[in-house]
Structure formats: C-alpha cells, structure tokens
Amino acid sequence: MAALAPTNRNAVTRADVIALGRQAPPWQFLPLGVAALAQVPHDAEVRLLVAAAFSRLGLRTPAAIALAPLLQTPEPPREARALTRVLDRLPDDRITAQSRLATALGNARALRATRPHVAQALADAWPEFVRRVRTETAVRAIDGNIVRFAEPNDDNLPSPDAWRCLGDHKAAAARFIAARPPSCQKSFPAPVVLEGLDPPWLLDGLARSLST
C-alpha cells in the first residue's frame with residue numbers, strides 16, 4: 001500500500017502511519033491509526049500498533065477488539081500473543097450504562113433547585129441520551145479521558161466516525177485553563193462562552209478556576 005488516500009495530493013503513506021505509531025504518543029497516533037485501519041483492515045502491523053496504543057492508555061476493550069482478528073488466524077503473530085497477556089493484566093476500562101445513567105440522574109436532580117431551565121433541557125433530552133448510552137460503549141483511560149464508540153457487528157474496530165472524544169481532551173482543557181486570558185482571573189471576570197459540553201473537561205476546569 002503506497003498511500004492511504006491516493007487521490008489526495010498530501011496522502012498519508014503507510015510508512016507515515018507506521019512511523020507515527022512507533023514514535024508518537026498514543027493519543028496523537030490513534031485518530032490516524034483508526035482511520036488507517038479502516039482502509040487497510042488486513043495490515044497486521046498497523047493493527048498491532050493501534051492495539052498497542054490503546055493498551056498503553058489502559059483502554060483494554062478497544063485494544064482487544066483491534067487485536068481479535070490477528071488472534072483468529074491459524075498462526076497469530078508473536079507480538080499479538082504477547083499483547084494479549086498485557087491486556088489480561090489491565091483492569092476493566094468499561095463504564096457501564098447503569099453507572100452513566102445514574103450519574104446523569106444525579107446531576108439533573110442537583111440542578112433542579114438552582115438551574116431549573118437547565119434541568120428542563122436535560123429532561124427534554126433524556127430519551128435520546130438513554131438511547132445513545134444503551135447503543136454505545138464508554139471506556140475510561142488511565143489518564144481520566146473517556147472515549148465512546150459504537151461497537152461494530154464484526155470483529156473489526158468501529159469506523160472512524162463511530163468514535164467520540166478519541167483524543168487527549170483533558171490535557172487540552174488543562175492547557176487552555178493555564179493560558180486563559182487575564183480577564184478570567186479578576187474578581188469579576190469576563191464571561192466565557194462554551195459551545196457544547198461533550199467532553200466536560202473544559203467546563204469543569206473553568207468552573208474550578210473561576211471559583212477560586
């Protein structure tokens with residue numbers, strides 16, 4: 001495979017993917033790795049690099065999904081067998097649907113007294129939220145980031161557009177808070193407008209920062 005997107009003048013080559021998978025931090029590599037694996041699902045080396053990147057983040061579930069096709073071959077690669085032993089030692093990374101729904105209900109109850117309009121908006125969105133929670137898998141990385149994805153019907157990884165928050169959003173939010181404008185540090189800071197709360201790390205960081 002010479003290029004992953006041959007019609008693109010700036011196509012990413014297989015060598016680019018392999019180099020990034022070997023050298024880059026997992027969060028930097030995974031979006032490209034997942035996209036590459038969707039195009040070349042039979043590339044064992046790319047598959048191993050994606051599974052290894054997930055495992056370094058403690059994301060046992062997507063790592064196992066990525067690794068499964070290699071383990072089903074007549075002679076699984078030695079690296080795949082070794083990585084399986086690593087995954088067996090990792091704790092469960094899954095966040096259950098029951099836990100997510102209970103957390104959301106607790107948040108809604110806490111908002112009723114002080115933010116009734118927000119609580120009503122949550123109530124209106126509740127049926128869709130429940131449907132989404134029950135049709136996707138949520139996993140927590142060792143650094144606290146939470147990734148969600150819709151599991152496929154086969155043994156391959158979900159398509160790139162099936163993932164939510166596949167990146168180091170906690171660190172990005174922390175960098176923004178650390179470099180926030182001086183106006184945010186005054187007794188009466190200027191308003192900060194957020195568009196969307198998924199993932200919640202920026203809201204959480206701003207709330208903590210502005211309350212000090």
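Which pattern does the protein follow when read along the sequence? In this predicted model, the order of elements along the sequence is α-α-α-α-α-β-α-α-β-β-β-α-α, and the protein has 9 helices and 4 strands.

**Overall figures**

Of the 212 residues in the protein, 36% are buried, and the accessible surface of the protein comes to about 12900 Å², with 55% of that area belonging to carbon and sulfur atoms. Among the contacts in the protein with a separation of 6 or more, 55% are accounted for by residues 24 or more positions apart.

**Nonpolar cores**

The largest nonpolar core has 35 residues, and those with the most contacts inside it are V50, F54, L59, L67, L157, W163 and L166. At least two residues of this core are supplied by each of helix 1 (14-23), helix 2 (26-39), helix 3 (44-56), helix 4 (60-71), helix 5 (78-89) and strand 3 (146-149), and helix 3 gives the most, with 8 residues. V50, once residues up to four places away in sequence are not counted, touches F29, L30, G33, V34, L37, A66 and L157.

| Helix pair | Axes come within | Crossing angle | Handedness |
|---|---|---|---|
| Helix 1 and helix 3 | 10 Å | roughly 25 degrees | left-handed |
| Helix 2 and helix 3 | 9 Å | roughly 145 degrees | left-handed |

For the first pair, angles under 35 degrees count as roughly parallel, and helix 1 and helix 3 are therefore roughly parallel to each other. The contact between them is made by R14, V17, I18, G21 and R22 on helix 1, and by E45, V46, L49 and R56 on helix 3.

For the second pair, the axes of helix 2 and helix 3 cross at roughly 145 degrees. Helix 2 contributes P26, F29, L30, G33, V34, A36 and L37 to the contact, while helix 3 contributes V46, R47, L49, V50, A53, F54 and R56.

D168 has its place in the loop between strand 4 (163-164) and helix 8 (169-178), whereas N145 is found in the loop between strand 2 (137-140) and strand 3. Is D168 buried, partly exposed or exposed? With a relative accessible area of 29%, D168 is partly exposed, because buried means under 20% relative accessible area and exposed over 50%. N145, at 1% relative accessibility, counts as buried.

Leaving aside neighbours within four places in sequence, D168 is in contact with W27, D143 and N145. With the neighbours of N145 within four places likewise left aside, N145 is in contact with W27, V139, R140, G167, D168, H169, K170 and W201.

D168 and P26 are 142 residues apart in sequence, and their C-alpha atoms are 9.2 Å apart in space. N145 and L166 are 21 residues apart in sequence, with a C-alpha to C-alpha separation of 8.7 Å.

Key
Residues are numbered from 1 along each chain as its sequence is written. This is a predicted model: local features need pLDDT of at least 70, side-chain atom pairs count only at pLDDT 80 or more; totals for chains, interfaces and linings use all residues. Side-chain values use heavy atoms; hydrogens and water are left out. A nonpolar core is a set of buried Ala, Val, Leu, Ile, Met, Phe, Trp, Tyr and Cys residues joined through side-chain atoms within 4.5 Å. Buried means under 20% relative accessible area, exposed over 50%, partly exposed in between (1.4 Å probe, protein chains only). Contact means heavy atoms within 4.5 Å. Accessible areas come from the Shrake-Rupley method with a 1.4 Å probe; for residues, only the protein chains shown count as cover. Axes are lines fitted to C-alpha atoms, for helices over the stretch in contact, and angles run from 0 to 180 degrees between N-to-C directions. Angles under 35 degrees count as roughly parallel, over 145 as roughly antiparallel, 65 to 115 as roughly perpendicular and the rest as oblique. A crossing is left-handed if the near helix is turned anticlockwise from the far one by less than a right angle, and right-handed if clockwise.
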